Amino acid sequence: MFSGLGRFVVRRPWWIILAWVVAAGAVISLAPSLTSSSDEASFLPDHYESIRAADVQESEFPTQQNVGAIIVFQRSDGGKLTAADSADVTRISKDLQAKKIPEVQAVVPGAVSPNKLVRTSVVAMPKITDPEDTAQQDAVKDLRSGLKPELKGTDLSAGITGSAAQALDESDASARAGLLVGVGTIVIIVVLLLVIFRSPIIALLPVVLIGLISPMATGLIASANKAFDMKADSSIQELLTVVLFGVGTDYILFLLFRYREALRAGEDPKGGMVHAVERVGEAITSAAGAVIVAFAALTLSSLGMLRSMGPALAIAVFVTLLAGLTLVPAVVSLLGTKVFWPSKSWQREPQGTGFARLGASIARKPAIWALVSALFMGALTLGALGYKANFDLAGSSLPKDKESMVALDNLQKGFPAGTTDPTSVYLTSTDDAPVPAARAAAFRGKLDGVEGVGEVSAPRLSPDRTTASYSVVLSDPPASDKALATVKDRLRPLAHEDAPSGTEALVGGTTAVYVDINKAVDRDYSVVFPVAALAIMVILGLLLRSLVAPWYLMLSVALGFGATLGATSLLFQQIGSQPGLMFMLPVIMYLFVVALGTDYNILMVSRLREEAREGRTPHDAAGTAVRHSGPTIGSAGVILAGTFATLMLAGNSTLSQMGFSLSFGILVAAFVMAMIFTPALTAVIGHAAWWPGHGDRQRDGGGGDERPDGGAELDADGVRR
């Protein structure tokens, strides 16, 4: 199949290139733009309590003003506010409201903090119904520009925080992050390919080709999101960039290394490309299939952000696979050996390389290498025991010098940390009878007595008096572990149990959303992980015709995942003192490390099988496979890890955690799992690794013995004697 595909592409390269250009142009011109959302509540299913509470708010209190932003005032000298300062706050609030800024319903000055250090003005805005609407962010821009001249001549300083202000700052940071990630990814790919191949043509090849298919993949993803009403997480664009360029470069490398090997063996350029597609096509397709099914498993998630992320990344990998099997061979077949210019290294294989020596050592002592690599990954896995989830995607991802973060810190000098985003509690009649005022007041007293609650507002009744609304300010920041524990373990249980007869209590708001997301993620761990692992094992079993190899290959990627989570937890939580890791990072990490780690395992084990079919012993096959596939896997791993590492340039902890964990996981997958653990363990298991299909049997009259043992031993440089 792949031999036929290779011949078809090599004979008609210009038609293949033209087809890609036309298809890309059509998709890019017709597809909608790719949009994203940072509203966590929009990703939860309707049956969660926080979403039901939001529905009550919309139906019973449609005119209730939403706190979109908070202006935080304090004295410039850090002293206590005076009566004159409070008068200035009142005047400034009235002046800002008088400007009639779109989306600003009211600017209402609040009370002075008990310690007299801070006073706020609450900016009321409509509830956001469209995550793509940036009108409230524009309103914050206008408020900030209007606030500066108002402060002149006073002793006050002020800043604006709150959800709309954080969204604006996050948008600015994301635009910078996207530019840095895009530029950093391209620079790293070009530099590393120059070092590896010493050819400017190869260095630019992935940038040009993937630059063509990247907007095409993005267009297909946007079309799919629109067709199936899916929402994309705000980090999807940066993730797509590194996936397309990273995985695409990997597949190009797999092909080029095998092409160069065929040329060194005496093949002509066109025959060498057909040979490369034939030998690597199955491995690339199986590897991409493993990645695609792993990403597709995210559709089983209960979180909309993960359900949409899975198909998006799967589409990106599928387009990259098609390009790797058709567009790349077409372009390289036209260039021939000029693709390596000015380097002449394609003409002969260097002797005595580090990969040859490593292969020879693994061939001699596979059990020791398998044990050492397993212990290394196992030791790092212990660090995963300290993992904690962090749900503050907006606050934790913003640089601390952004105005919304500085104002938030200043706010907490005088008010409970939950002031910016109060929790909402709704007491609703179950029989449509009015809620008695006395019962509503008594219920407020019970809420006020919950540990972790700072203050509770007086109940506000709906027009038909069947629902009472309470604004509950928590003592801790809304996304902190303490705030989540307050809502999950104390506030919700008490509200449910102590709701007067004939009523039902619902707890909503941002903290409640985080609690529900935590529950949803725990559920996803028990569903997505096993399904993805099982799907990958099926692909491995079909590829290798073996029931044994898939088990220890999945063991290796499981160890790699544990080592990656452990190292990330140690770096960011223990050394970096961060409150936790992004809550969905383990899911993303699992899928990338397992799926992309399986890429390298497939490439290595396919070469192991190929060498065994040539008549080599299991030990000899392992050493030869490392010698030939080691440079490919090592180069691909370094480049892919480098592209993921560019996420750390974004300047926020969320993408920094993602960048480090994925780049570290890829390096472990390439240099420990695929290059050492897999070939060493395969050599130890021997012929039994291929049971029951025995895909390692010699072919083409190689003797037909079920246990090939005709291979020679390796010398010190990994060359057959």
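Predicted model: local features only at pLDDT ≥ 70, side-chain atom pairs only at ≥ 80, totals over all residues.

Of the elements in this chain, helix α12, residues 366–381, has the highest mean pLDDT, at 94. The lowest mean, 76, belongs to helix α6, which covers residues 163–197. Over the chain, pLDDT averages 83, and 88% of the residues reach at least 70. One stretch calls for separate mention: across residues 701–721 pLDDT remains under 50, and for these residues the model has 52 contacts beyond four places in sequence.

Let me now turn to the sheet. In what order do its four strands lie? The order is β2-β3-β1-β4; the sheet is open and its pairing antiparallel. The edges are taken by β2, residues 106–112, and β4, residues 156–161; each has a single partner strand, so one side of each lacks a neighbour in the sheet. On average, neighbouring strands are turned by 25° against each other, with direction ignored.

Within the sheet, β1, residues 66–75, and β3, residues 119–125, run antiparallel and are joined by seven bridges. In this pairing, Val67 stands opposite Ala124 of β3.

Which strands does helix α5 touch as it packs on the sheet? Helix α5, residues 135–151, touches β1, β3 and β4, and its direction makes about 180° with that of β4. Helix α13, residues 403–411, also packs on the sheet and touches β1, β3 and β4. The direction of helix α13 makes about 115° with that of β4.

Thank you; I welcome your comments.

Definitions and conventions: Residues numbered from 1 in each chain as written. Heavy atoms only, no water. Pairing = 2+ DSSP bridges. Helix = DSSP H or I, 4+ residues; strand = E, 2+ residues; numbered from the N terminus. Axes fitted to C-alpha atoms, helices over the stretch in contact; angles between N-to-C directions. Contact = heavy atoms within 4.5 Å. pLDDT = per-residue confidence, 0-100.
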